[in-house]
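Hi,

Here is the structure I promised to pass on.

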Amino acid sequence: MTAESHHPSYLTIWIWLVMLLLVGLVVFLLPIGKAMAIFLIFAVAAVKAFLVARYYMHLKSETVLVLAIAGLPVLLLIGMALTLVPDIVFNH
């Protein structure tokens, strides 16, 4: 097996990040509700954050302790974002 099959190129990851950026921008053009649009944007942002952490920060080869240290702020961020969603959706 070649090294390319185990390690995608940075260009490939960057292209995925750009495509996900465009998906996040196009979400508001879709005929869906505001709550669903916000959910989709957060989901796309989570995927982008995962790609950056895994490939650009090289977290896929780290130990469990480092992953736990990196995961705690992510959980806090998700909690804070979820507490803001009702205010964003129901604020008139």
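Let me start with helix 4, which bends by about 30 degrees at Leu-84 (the angle between axes fitted to the seven residues ending there and the seven starting there). A proline, Pro-86, follows within four residues. Helix 4 has 27 residues and spans 39 Å from first to last C-alpha, close to the 39 Å expected at 1.5 Å a residue (1.5 Å times one less than the number of residues). Helices here are DSSP runs of H or I, at least four residues, numbered from the N terminus.

This is a predicted model, where local features need pLDDT of at least 70 and side-chain atom pairs 80 or more, while totals for chains, interfaces and linings use all residues. Residues are numbered from 1 along each chain, and side-chain values use heavy atoms, without hydrogens and water.

On confidence (pLDDT, the predictor's own score per residue, from 0 to 100), the chain averages 83, and 91% of the residues score at least 70. Helix 1 (residues 3-6) is lowest, with a mean of 54, and helix 2 (residues 10-26) highest, at 93.

Helix 3 (34-56) and helix 4 (64-90) each supply at least two residues of the lining of the largest pocket, and helix 3 gives the most, 10 residues. By class, that lining has 20 nonpolar, 1 polar and no charged residues (Ala, Val, Leu, Ile, Met, Phe, Trp, Tyr, Cys and Pro count as nonpolar, Asp, Glu, Lys and Arg as charged, and the others, Gly among them, as polar).

Best wishes
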